[in-house]
Amino acid sequence: MTDWNPDLYRRFAAERRQPFDVLVSLLEPVDGGRVADLGCGPGELTRELHERLRAGETLGIDRSPAMLERATPLAGDGLRFEMGDLATFDGAGSTWDVVHASASLQWATDHQAVLSRWAAALAPGGQLAVQVPANGEHPSHTVMLEVADQLGIIAADDVHVTVQKPERYAEILDELGLDDIHVRLQVFLHHLPSSGDVVEWMKGTALLRIKEAVTAEEFDAYLERYREALLDRIGQRSPYLYAYPRILMVARAPR
Ligand SMILES: C[S@@+](CC[C@H](N)C(=O)[O-])C[C@H]1O[C@@H](n2cnc3c(N)ncnc32)[C@H](O)[C@@H]1O
């Protein structure tokens, strides 16, 4: 499997942390409590989550060896990181005061089943906090699929095929019996240095799905076509506003 590149991913750390900040602001601290961060990535935000929620124990889970290698030195004072699959996480034998997942649920299919497992992992009164990108209609994604199609590349399932509408997430959380449900669609404004930086952004995340479906040479050819087609569509602009919709949801288990 193609692994993540933490350096490439962190190139846009300032932009990627914006939705995290909003999501955490919707949570109540859990003094001394237990927090799970699913798809924790390079770990800085997990450490921040641990500190801002005043948790006693925080577990960051990821399936990327490169991301975990980057995160592990940040462990300590109740924070730890483990290899694991967010899609099957059901509490790992115990309950959690917060189950948090920022920009990671979209890598799993069947969100209803995954959210149901996460909800079941909550302690009474525990908080679920999830953020998922909803920019599948932006040229960065539509062109990604168009070029893959033109080159006959069978990509692994597209990121956004699995992402539901905000109202569907509200229904799912309600069906799961959660309380205090808050679901919002928020557009984050990322002022990138130029349109070409959208390609760099995509290389750090969604294009991994293309990369893992082809050889290195095919991926280079794909990238060239993708860059050309994308810049054709969004224009050569400097700076470039990457207007990025994301769905944020929080809910609480019954006490
Ligand atoms: C876009 S990054 C988000 C990282 C961090 N949460 C943040 O907000 O910056 C997605 C992370 O989810 C991880 N991931 C994707 N699918 C996963 C799975 N099935 N189980 C565990 N981690 C997964 C990836 O390895 C990656 O580190």
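The structure is a predicted model, in which local features need pLDDT of at least 70, side-chain atom pairs count only at pLDDT 80 or more, and totals for chains, interfaces and linings use all residues. Residues are numbered from 1 along each chain as its sequence is written. Helices (H or I, at least four residues) and strands (E, at least two) are DSSP runs, numbered from the N terminus.

**Helix α6**
- Helix α6 has 12 residues (139–150) and should span 16 Å at 1.5 Å a residue; its end C-alpha atoms are 15 Å apart, which agrees. The expected span is 1.5 Å times one less than the number of residues.
- Its buried residues (20 or more other C-beta atoms, placed from the backbone, within 10 Å of their own) are Ser140, Val143, Met144, Val147 and Ala148.
- These cover an arc of only 135 degrees around the axis, which puts them on the same side of α6. The arc is taken from the directions from the helix axis to the C-beta atoms.
- On the other side of α6, Asp149 and Gln150 are exposed (12 or fewer such atoms; partly exposed is in between).
- Just after α6, glycine 152 has a positive phi of about 70 degrees.

**Loop residues with positive phi**
- Alanine 92, in the loop between β3 (79–83) and β4 (96–102), has phi near 50 degrees, although it is not a glycine.
- Aspartate 110, in the loop between β4 and α5 (111–120), also has phi near 50 degrees.

**A cis peptide bond**
- Serine 238 and proline 239 are joined by a cis peptide bond, with omega about 0 degrees.
- Proline 239 sits in the loop between α10 and β7 (240–252).
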